[in-house]
Amino acid sequence: METNRLKTEFFTRPEGTIAYDDNHADGELVLLWPGMGALRSEYRYLTPILQEAGYRVVTADLRGHGESSVGWPEYTIAATGQDMLALIAHLEAGPAHIIGTSFSPGAAVWAAVEKPEAIRSLTLIGAFVRSPEPNFMSKLTEKVLLRGPWKVALWSMFYKTLYPTNQPDDFDEYLDLLKNNLREPGRYDALRAFAAAPKTASEKRLDQVDVPAFVIMGTKDPDWPDPVAEAKFMAEKLSAQLVLIEDAGHYPQTEMPEKTNPAILEFLNKITQGDNNGGITKLGMT
């Protein structure tokens, strides 16, 4: 599986430890946070591009996920946002560009309002910044996928649906790593806690964000009844640039990296150069 193969480092918080890797470059700091039920290697196709562009790239595991510790007292939007701000302070390299997928963008929104001087920009991918109306899949996730002795196997089946058009060549290897990680004591409990966490802490702060923002959504993201409408809602609230990745699901940076990741790099480069033009772009398949 293609990764940046950096040595894992650990940042100690009062309640536990956050695992991360860091290329220690001299460029502007970019923090990448994965979604719940995922590993930080979810960004394995994006990190090399950012590193080659000269950014200091730090990719972290969520509380209870990957190599971060388990048994945290809280798995919420605000707690994760506090982890982001604390890690930026620990690295002494801010302000930071934050890139988050799924659950993590809500925490990034919270952090950007809590301490705007610490945040350079936000990139929100397949973001949950407000609670969606329950649909069949969300009810199934809560009642079946997150419970019972079969939960890891069923979660892996659900995870495959998040890639509706294309699975990368190393997808099976990544999924095996994810399943093995979720079988470790306490890790599935963390996933369930994140899934149950309300999104009000980010939703009520959306129109208070005052940093450049970039919204990316796959047009076939199965977590939303209408992913395009949700993306447009976020972009309007945040006065953000919006890119729609045609036919991609919940993780377009891994499912269609050739379309998604150059767009992320272009956005970051424009911010570093002082250019932040908004608008909607729809990127199709080659």
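Contact here means heavy atoms within 4.5 Å. Hold on to that, and let's look at Thr76. This is a predicted model, where local features need pLDDT of at least 70, side-chain atom pairs count only at pLDDT 80 or more, and totals for chains, interfaces and linings use all residues. Residues are numbered from 1 along each chain as its sequence is written, and side-chain values use heavy atoms, with hydrogens and water left out.

So, Thr76. It sits in the loop between β4 (56-60) and α2 (77-91). Helices (H or I, at least four residues) and strands (E, at least two) are DSSP runs, numbered from the N terminus.

What does Thr76 touch? Leaving out residues up to four places away in sequence, Phe103, Phe194 and Ala197. Lys199 is 123 residues along the chain from Thr76, yet their C-alpha atoms are separated by 8.4 Å.

Next, polar contacts: a pair of N or O atoms within 3.5 Å; within protein, one must be able to donate a hydrogen and the other to accept it, and residues adjacent in sequence count only if both atoms are side-chain atoms. The side chains of Thr76 and Glu74 make one at 2.8 Å. Thr76 also caps α2 at its N-terminal end, with a side-chain oxygen 3.1 Å from the backbone nitrogen of Ala79.

Now α2 itself. Is it mostly covered or mostly open? Covered: twelve of its 15 residues are buried. Buried means under 20% relative accessible area (1.4 Å probe, protein chains only). Among them are Ile77, Met84 and Leu91. After α2 comes Glu92, with a positive phi near 55°.

Across the chain, 56% of the 286 residues count as buried.

Note on methods:
Buried means under 20% relative accessible area, exposed over 50%, partly exposed in between (1.4 Å probe, protein chains only).
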